[in-house]
Amino acid sequence: MRIEANEANRLVKLDPARLLEGYRKRPGRQSWMASMWANGCIAATLAWVNTGDPALRQKLDYVAAELVKCQLADGYLGTYLDNDRWTRWDVWAHKYNLIGLITYMRYTGNLEPLPACRRMADLLCQTFGDQSGRRDILKAGEHVGMAPTSVLEPMVLLYRLTGEPRYLDFCKYILRAWEHPDGPKIISTLLTVKRVDKVANGKAYEMLSCLNGALEYYRTVGDPQILAACLNAWEDIVRNRLYLTGAASYGELFHDDFDLPNVANVGETCVTVIWLQFNAQLLRLTGEARFAEQLERVVLNQLLGAQRCDGSAWAITCRWRARSPTAATSTATAAFRAGRGASR
């Protein structure tokens with residue numbers, strides 16, 4: 001019922017003009033607005049696979065075709081003006097546009113957007129790199145470069161779809177950039193310190209986005225250190241940084257061991273969803289039940305709690321309130337003793 005309500009009262013009612021306005025008339029309303037089109041496309045595509053709703057498919061076909069029409073001649077498909085290209089969330093938006101279109105193509109079988117995806121990827125390859133004259137991707141976005149380098153995931157997917165070796169070379173460049181002196185050092189930190197709160201600035205959503213890309217890279221090339229780093233991240237989060245509901249982070253960051261207050265902006269829904277995806281990736285790769293257990297925990301106890309009851313909207317974070325710190329601690333302790341968060 002929750003999935004049906006989300007489709008009927010949220011996805012089918014999304015206004016295509018609102019999703020596309022930042023592309024049709026640059027710049028968008030917000031610096032990260034471009035990713036909203038892609039998130040809507042991904043969600044609607046997966047919902048259509050589940051229901052086969054012809055109205056939703058019609059809307060999907062329309063928004064995919066209309067987005068491609070907004071691509072500039074050089075392959076650019078963001079919402080920034082020329083002077084502001086490749087700042088803040090611009091690469092991040094291209095990441096999501098690629099994921100959105102690749103998801104659409106995979107499930108509908110309509111490959112018409114593929115040339116647009118290749119033009120986006122080609123532009124990224126021509127713009128960023130460690131060759132002379134190219135930009136440093138770490139400086140093209142937020143959170144010690146984790147936001148822009150999370151484009152790793154769709155670049156791996158596009159490599160697998162096309163077999164274009166330049167796309168795999170670009171992925172290898174991103175992995176090298178992570179370990180630069182001013183980079184987030186994602187893999188090396190997780191292999192040595194084994195703590196996600198010590199990776200870059202601890203920003204949970206962007207870090208897990210990078211790790212999802214790393215798992216796609218591992219699936220493609222089989223580098224065992226990549227999988228080891230991701231498993232270290234998973235074990236650290238499960239042991240030290242999860243709320244009873246399966247939510248991770250507060251204030252959008254990973255914090256010190258067992259630093260899990262019950263007040264303020266707890267359990268950003270973006271983190272909940274990307275944590276869900278991370279566990280789904282590991283389950284697909286390993287078949288181990290522990291990842292399915294975390295999927296069940298976070299969906300039943302946290303994700304559904306972020307959804308409006310009629311399915312028409314989602315909360316960004318949970319704002320839990322307790323009458324006193326003692327009350328908050330007592331409630332958490334009682335729930336923990338009752339079964340480590342099996343509160344459904």
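Student: Is threonine 272 buried or exposed?
Tutor: In this predicted model, threonine 272 counts as buried because its relative accessibility is 2%, and the cut-off for buried is under 20%.

Student: Which helix holds it, threonine 272?
Tutor: Threonine 272 has its place in helix H13, which spans residues 269-286.

Student: And what is threonine 272 in contact with, leaving aside its neighbours within four places in sequence?
Tutor: Its contacts are then Gly267, Val298, Gln302 and Leu303.

Student: Where does leucine 300 lie?
Tutor: Leucine 300 belongs to helix H14, residues 289-303. With a relative accessibility of 40%, leucine 300 counts as partly exposed.

Student: Why "partly exposed" for leucine 300?
Tutor: Because its 40% falls between the limits of 20% for buried and 50% for exposed.

Student: What separates the C-alpha atoms of leucine 300 and glutamate 164?
Tutor: A distance of 40 Å separates these C-alpha atoms, and the two residues are 136 apart along the chain.

Student: Changing topic to helix H8: which of its residues are buried?
Tutor: Helix H8 covers residues 152-162, and its buried residues are Leu152, Glu153, Pro154, Met155, Val156, Leu157 and Leu158.

Student: What covers those buried residues of H8?
Tutor: The cover includes H5, helix H6 (114-127), helix H7 (146-149), helix H9 (165-178), helix H11 (204-221) and helix H13. Helix H13 is also the place of threonine 272.

Student: Is cysteine 210 buried or exposed?
Tutor: Cysteine 210 counts as buried, because its relative accessibility is 0%.

Student: And cysteine 309, buried or exposed?
Tutor: Cysteine 309 is exposed, because its relative accessible area is 73% and the cut-off for exposed is over 50%.

Student: Last topic, the surface. Which residues make the nonpolar patch?
Tutor: Leu46, Val49 and Tyr107 make a nonpolar surface patch of about 240 Å².

Student: Where does tyrosine 107 lie?
Tutor: Tyrosine 107 is in helix H5, residues 90-108. Helix H5 is also among the elements that cover the buried residues of H8.

Student: What is the relative accessible area of tyrosine 107?
Tutor: The value is 32%, so tyrosine 107 is partly exposed. Patch residues need over 30% relative accessible area.

How values were computed: Residues are numbered from 1 along each chain as its sequence is written. This is a predicted model: local features need pLDDT of at least 70, side-chain atom pairs count only at pLDDT 80 or more; totals for chains, interfaces and linings use all residues. Side-chain values use heavy atoms; hydrogens and water are left out. Patches are made of residues with over 30% relative accessible area and no salt bridge: like charges are joined within 9 Å, nonpolar side chains (Val, Leu, Ile, Met, Phe, Trp, Tyr) within 5 Å. Accessible areas come from the Shrake-Rupley method with a 1.4 Å probe; for residues, only the protein chains shown count as cover. A salt bridge is a side-chain nitrogen of Lys or Arg within 4 Å of a carboxyl oxygen of Asp or Glu. Helices (H or I, at least four residues) and strands (E, at least two) are DSSP runs, numbered from the N terminus. Buried means under 20% relative accessible area, exposed over 50%, partly exposed in between (1.4 Å probe, protein chains only). Contact means heavy atoms within 4.5 Å.
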